[in-house]
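Have a look first, then go through the points.

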Amino acid sequence: MNGISKKGVRKERFNVAVQGDRSAVKKLLQKQPKNKYGAIKKEYNGIMYDSTKEADYARDLDLKIKGKIIDKCERQITYRLEVNGVLICKYILDFKEYYPDGKVRYVDVKGYKKGQAFTLFQLKQKLMKAIYNIDVELA
């Protein structure tokens, strides 16, 4: 490449970029914060979801609503998990689906079903059953 190494070419491009637009370079150099579980956030229909799998599930729900398979759904519902008036923790349910026959389905979308995070989910799932008599399903 005319006697210029690849490293030299990258440095030259960087210098040109710095002279042109410093804010663009800062954006390029900033690291995106990593999710502790490795999930990549994804936006769907103006809503930011914690993972691609969750956003895809939301898209599927919208299609079910259009097809009249379900009436409606709620997203990201917070439940207080209290025992004897003491707050143990909070649980954020991913989706609550309402069906035409009156059935309500509670769904949590999980990509990785191992490790400490999944164990914590299982504990919260049991608390939801014990406190609210709600069966949380995995998707």
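1. In all, 11 bridges tie β3 to β4 (residues 86–98), and the two run antiparallel. Strands count as paired if DSSP finds at least two bridges between them.

2. Before going on, bear in mind that this is a predicted model, where local features need pLDDT of at least 70, side-chain atom pairs count only at pLDDT 80 or more, and totals for chains, interfaces and linings use all residues. Numbering starts from 1 along each chain as its sequence is written, and side-chain values use heavy atoms, with hydrogens and water left out.

3. Now the sheet: it is open and mixed, with 4 strands in the order β3-β4-β5-β6. β3 (72–83) and β6 (136–138) sit at the edges with a single partner strand each, so one side of each has no neighbour in the sheet. On average, neighbouring strands are turned by 45° against each other, direction ignored.

4. What packs on the sheet? Helix α3 (residues 52–66) does, touching β3, β4 and β5 (104–108); contact here means heavy atoms within 4.5 Å. Helix α4 (residues 115–132) lies across β3, β4, β5 and β6, at about 85° to β3. Angles run from 0 to 180 degrees between N-to-C directions, with axes fitted to C-alpha atoms, for helices over the stretch in contact.

5. Stepping back, the chain has 4 helices and 6 strands, which are DSSP runs (H or I, at least four residues; E, at least two) numbered from the N terminus. Their pattern along the sequence is α-α-β-β-α-β-β-β-α-β.
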